[in-house]
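Me: I've got a structure open and a few things to ask about it. Can we go through them one at a time?
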Amino acid sequence: MKRSKLALAFAAISLLIAAFGNVAMADERQAHAPLKGDGANLKLIKNIPLGTCGPLKSGAGTDHENIEYGDKTYAFATSRCSLAEGGGVYVIDVTDPPRAHIVARIPCVVSQGDIQVTYNKVLLIGHDSAGGPEACTGLGVTGFITVDVSNPLKPKVLGHATGDGAHNMTAHPTKPLVYVSNSALVPGGSSHIQIWSIKNPAKPELLNSVRSLPHAPHDISFNKKGTMAVTAAISHFDIFDTSDPVNPTLLYESQCPGCSITHDAKFTPDDKHILIGDEGGGGGPYACPGGAFYVYDFSTPPVPVLTGIYEPAEFIVNHDSEAAASCTSHVFEISRDSTKVAMSWYSLGTRYLDISAAIGVTVGGTRDPEGMKECGWFHPEGGVTWSSKFSTDEKYITSNDEDRGFDVFKITDTECAG
């Protein structure tokens with residue numbers, strides 16, 4: 001039975017009221033959110049709950065991205081709470097980090113909720129399991145949602161790509177193309193990369209499907225020009241020539257030593273190195289300090305050369321939850337000068353690393369080929385940190401936490417920063 005236009009309009013208004021009501025509710029709770037934990041050289045200055053679900057009633061955060069709009073910076077952060085509990089994708093003004101605050105919420109609740117923002121300000125929200133009534137996609141479908149965020153204060157849902165489960169997505173840096181990673185754990189027919197056009201973001205179009213054997217990628221990243229891509233494909237990592245981005249060509253395949261689940265792989269901004277994270281245990285219980293983080297020299301493409309391996313030098317063992325917690329590297333970001341990394345480590349919180357030695361950058365000394373320095377860390381009480389990213393002139397790090405919601409850290413380190 002078709003619903004009347006009046007009924008549809010009423011439903012839309014009700015949804016908007018609910019969205020703004022939850023924004024106000026989250027703002028009200030900000031003053032009462034806990035600022036507890038242990039750390040060094042990262043000072044927790046702000047916590048913003050993203051909903052009322054979870055053990056701390058502070059939301060169920062997953063991925064986020066910090067995007068500059070002129071002299072403003074906004075974070076787009078996912079919460080997997082139900083709509084009634086304040087779930088969806090939040091837009092947070094982090095221009096003045098100590099006064100970070102929610103400015104909008106996109107009322108779409110999906111599984112995982114990987115976030116990408118394209119070069120022309122289209123927000124992509126990935127979901128890798130069948131959508132429910134709150135998913136903005138229709139019942140029982142997977143794929144990614146497209147949202148116009150040219151005005152971040154007034155996001156507008158545009159359309160949806162119905163296809164593979166989008167565990168992660170990667171927007172091409174210069175073209176209206178999206179690579180979808182379904183992260184299929186079982187080798188088989190779904191071991192591929194889907195390539196979509198979002199030239200019309202309201203109606204994404206599937207252009208190609210590229211095999212990735214034996215496992216589909218968990219994540220994919222492009223170099224600065226978009227002419228090469230590296231995939232973290234669970235049992236291996238691949239390097240593709242993407243000069244023709246709709247028809248990529250496999251150049252190289254390998255695996256990082258000791259990797260359990262090759263999870264995330266990125267080129268440094270100068271394209272001279274590749275960084276790869278191992279998600280030991282796939283986010284389930286895993287002994288600390290957990291899956292390692294690897295640095296490869298990429299000065300002679302397409303063959304990368306391992307130059308450094310990192311696991312946290314410090315890890316907390318005096319918290320009761322630690323024994324059964326996930327404890328491994330997860331979502332990370334690289335500084336613009338390619339020498340620093342902000343990384344989430346699940347139950348070990350956020351880590352701040354200097355990788356200068358591993359990439360051959362030296363200041364008044366000899367290069368240590370295995371060396372990476374831990375410049376700072378924060379282990380939030382009751383937290384399971386999903387994603388950590390640089391923000392606001394890279395003087396701050398933000399994180400989105402499965403139990404705490406959105407945290408803002410000030411980098412107080414002077415030795416590494418200097």
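Me: What stands opposite Ser181 in strand 13?
Reply: Ile193 does. Keep in mind that this is a predicted model.

Me: How do strand 12 and strand 13 run, and how many bridges join them?
Reply: They run antiparallel, and five bridges join them. Strand 13 covers residues 192–197.

Me: And what pairs with strand 12 over four bridges?
Reply: Strand 11, residues 168–171, again in the antiparallel sense. Met169 has Val180 of strand 12 as its bridge partner.

Me: What joins strand 11 to strand 12?
Reply: A hairpin, through five residues.

Me: Is strand 12 mostly covered or open?
Reply: Mostly covered. Five of its five residues, 177–181, are buried.

Me: Which residues sit on which face?
Reply: Leu177, Tyr179 and Ser181 are on one side, with Val178 and Val180 on the other. All of these are buried, so both faces of the strand are covered.

Me: Switching to charges. How many salt bridges are there?
Reply: The count comes to ten.

Me: Give me one. What does Lys389 meet in a salt bridge?
Reply: Glu65, at 3.1 Å from N to O.

Me: Next one. What does Asp93 form a salt bridge with?
Reply: Lys72, with the closest N and O atoms 2.9 Å apart. Asp93 is in strand 5 (residues 88–93) and Lys72 in strand 4 (residues 72–79), so this pair links distant parts of the chain, 21 residues apart.

Me: What about Asp264, which partner does it meet?
Reply: Lys266, in a salt bridge of 2.8 Å, N to O. Both Asp264 and Lys266 are buried.

Me: Now Tyr90. Where is it?
Reply: Tyr90 is in strand 5.

Me: Why does Tyr90 count as buried?
Reply: Because its relative accessibility is 0%, and buried means under 20%.

Me: What does Tyr90 touch, leaving out residues up to four places away in sequence?
Reply: Leu50, Gly51, Ala75, Phe76, Ala77, Ser79, Ile102, Ala104 and Arg105.

Me: And what does the side chain of Tyr90 reach at 2.4 Å?
Reply: The backbone oxygen of Gly86.

Me: How far apart in space are Tyr90 and Phe406?
Reply: They are 9.9 Å apart, C-alpha to C-alpha, and 316 residues apart in sequence.

Me: Last topic. What is the strand order in the open sheet of four strands?
Reply: The order is 15-16-17-18, with antiparallel pairing. The edge strands are strand 15 (219–222) and strand 18 (249–254), each pairing on one side only. The twist averages 20 degrees from one strand to the next.

Me: How many bridges join strand 17 to strand 18?
Reply: Five. Strand 17 covers residues 237–241, and the two strands run antiparallel. Asp238 stands opposite Glu253 in strand 18.

Technical notes: Residues are numbered from 1 along each chain as its sequence is written. This is a predicted model: local features need pLDDT of at least 70, side-chain atom pairs count only at pLDDT 80 or more; totals for chains, interfaces and linings use all residues. Side-chain values use heavy atoms; hydrogens and water are left out. A salt bridge is a side-chain nitrogen of Lys or Arg within 4 Å of a carboxyl oxygen of Asp or Glu. Buried means under 20% relative accessible area, exposed over 50%, partly exposed in between (1.4 Å probe, protein chains only). Contact means heavy atoms within 4.5 Å. A polar contact is a pair of N or O atoms within 3.5 Å; within protein, one must be able to donate a hydrogen and the other to accept it, and residues adjacent in sequence count only if both atoms are side-chain atoms. Two strands pair if DSSP finds at least two bridges between them. Axes are lines fitted to C-alpha atoms, for helices over the stretch in contact, and angles run from 0 to 180 degrees between N-to-C directions.
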